[in-house]
Amino acid sequence: MDGNRFAVALFGIIVSVVIGALAYQFIAPLTISVFLYYSTRRYHRMLRRFHLPANARAVVVMFSLAVPLILLISYATVLLAIEARRFIDQYALVDVANENFEWFGGINEIPKFTIEGLYGAYQSGDLAPFIDFATQHATFFTTLVSEFMLNLFVVVIVTYYLLVDGNRISQWLLNFDDEAIIREYLEAVDRELEAVLFGNLLNVLAVSLIAIGSFSTYNAFVPPAAEVPYPALAGALTGIASLIPVVGMKIVYVPLTLLTALPIVLGGTLSSLVYVGGFFAVAVVVVDTIPDVVLRPLLSGEETHVGLLMLAYTLGPVVLGFYGLFFAPILLVVGLTFANTALPRLLGASETEEPPALDQ
């Protein structure tokens, strides 16, 4: 009997190691999936009032995330291309590139981003340097695109099934209960992860609305030359950038400030830079500082310390790379919840024992 148990246990260990090794190869998309699951689970549950089945609610949640994000990125890309072409034409940067970059030689102008414009540029040979460049780096581009699509597929599938079968997974984990310690710990982790990660989603939405309102209000009181381009788009991107640690929203409003100031400097109307300085002050104080001080503590979970959470968002990408932005706060919540719930009981602390009060 003991031999059978040993064989089963050994087989289970081997299978667990193999699954763990495979999961590690996809740790980034799996981490993002868990992050998205806890960020959107309340929304998924809220849709019950419409009497939709779990899989239909999961599809609605996924489309609610994907469609606005795709539209936002597409809109931003098109506007960036249009504005870049306008800037290149206005300041004759094609001639400068012809003089300084050998591979760019022979291009007379940047083609219009239409079917007719691109076809005309292809016939005239203006696209030849770009086609040659893409051909020389085809392997790199193919690998990059294929890896991105594979990771995106994993994120979509895992997030979908977590939303649909999350309750079944939690019930399965609770089968390994031991004197209610495991149940208490898993339920506490589940609640805190939802509170922290759903708070991040609310913070993105709140910052986006604040940024859109601030940028639009600024444009209403300044001359046209000092207006911020596309305030709604810039505000939405600012909200998304609030997820990024340390630099956060600065990666949007700092380049936006420079982009607003550049035509003024080139046009010689330096007195209008006062308005640009005012915009930068509004972005720093109203959009960046006040929400970070007021909103983030309110939306950072029930038990997790705000300072530790900020450190996790800061150090996670430094230590682990991109996916550390999502993995570090999850790991922090798991560790702190274990220290607050399971560890005291494992060490023999009484369930009714209160922690000592700190001196004020």
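**Reading the model**

Tutor: Buried residues make up 31% of the 360 residues in this protein; buried means under 20% relative accessible area, exposed over 50%, and partly exposed in between, with a 1.4 Å probe and protein chains only. This is a predicted model, in which local features need pLDDT of at least 70 and side-chain atom pairs count only at pLDDT 80 or more, while totals for chains, interfaces and linings use all residues. Residues are numbered from 1 along each chain as its sequence is written, and side-chain values use heavy atoms, with hydrogens and water left out.

Student: How many helices and strands are there in the protein?

Tutor: Helices (H or I, at least four residues) and strands (E, at least two) are DSSP runs, numbered from the N terminus. Here the protein has 13 helices and 0 strands.

Student: What is the volume of the largest pocket, and which helix gives the most to its lining?

Tutor: On a 1 Å grid over the protein atoms alone, a pocket is an open set of points with protein on both sides within 12 Å along at least five of seven lines, where a 1.4 Å probe fits; lining residues have an atom within 4 Å of a point. Grid points are joined across faces, edges and corners, and a volume is the space filled by probe spheres set on the points. The largest pocket in this model has a volume of about 2000 Å³. Its lining comprises 47 residues, of which L36, L65, A66, L69 and I240 are the closest to the centre. Helix α3 gives the most to the lining, with 12 residues. Among the helices that each supply at least two lining residues are α2 (27-46), α3 (54-90) and α8 (181-220).

Student: How many aromatic pairs does a search of the whole structure find?

Tutor: Rings of Phe, Tyr and Trp (its six-membered ring) pair if their centres lie within 6.5 Å; planes under 30 degrees apart count as stacked, over 60 as edge-to-face and the rest as tilted. The search of the whole structure gives 7 such pairs. One of them joins Y37 and Y38, edge-to-face, at 4.9 Å centre to centre and 65 degrees between the planes. Both Y37 and Y38 are buried.

Student: Why is the pair of Y160 and Y161 edge-to-face?

Tutor: The ring planes of Y160 and Y161 stand at 85 degrees, with centres 4.9 Å apart, so the pair is edge-to-face. Y161 is partly exposed, at a relative accessible area of 46%. Elsewhere, ring pairs link F215, Y218 and F279 into a cluster.

Student: Which residues form a nonpolar patch on the surface?

Tutor: For nonpolar patches, side chains of Val, Leu, Ile, Met, Phe, Trp and Tyr are joined within 5 Å, like charges being joined within 9 Å; members have over 30% relative accessible area and no salt bridge. The patch here includes F140, F141, L144, V156 and Y161, and its members together have about 1200 Å² of accessible area. V156 lies in helix α7 (residues 138-174) and counts as partly exposed at 37% relative accessibility.

Student: Where is H51 placed, and is H51 buried or exposed?

Tutor: H51 sits in the loop between α2 and α3 and is exposed, with a relative accessible area of 74%. Its phi is near 60 degrees, a positive value in a residue other than glycine. Y230, in the loop between α8 and α9, also has a positive phi, near 50 degrees. Y230 is partly exposed, with a relative accessible area of 32%.

Definitions and conventions: Accessible areas come from the Shrake-Rupley method with a 1.4 Å probe; for residues, only the protein chains shown count as cover. A salt bridge is a side-chain nitrogen of Lys or Arg within 4 Å of a carboxyl oxygen of Asp or Glu.
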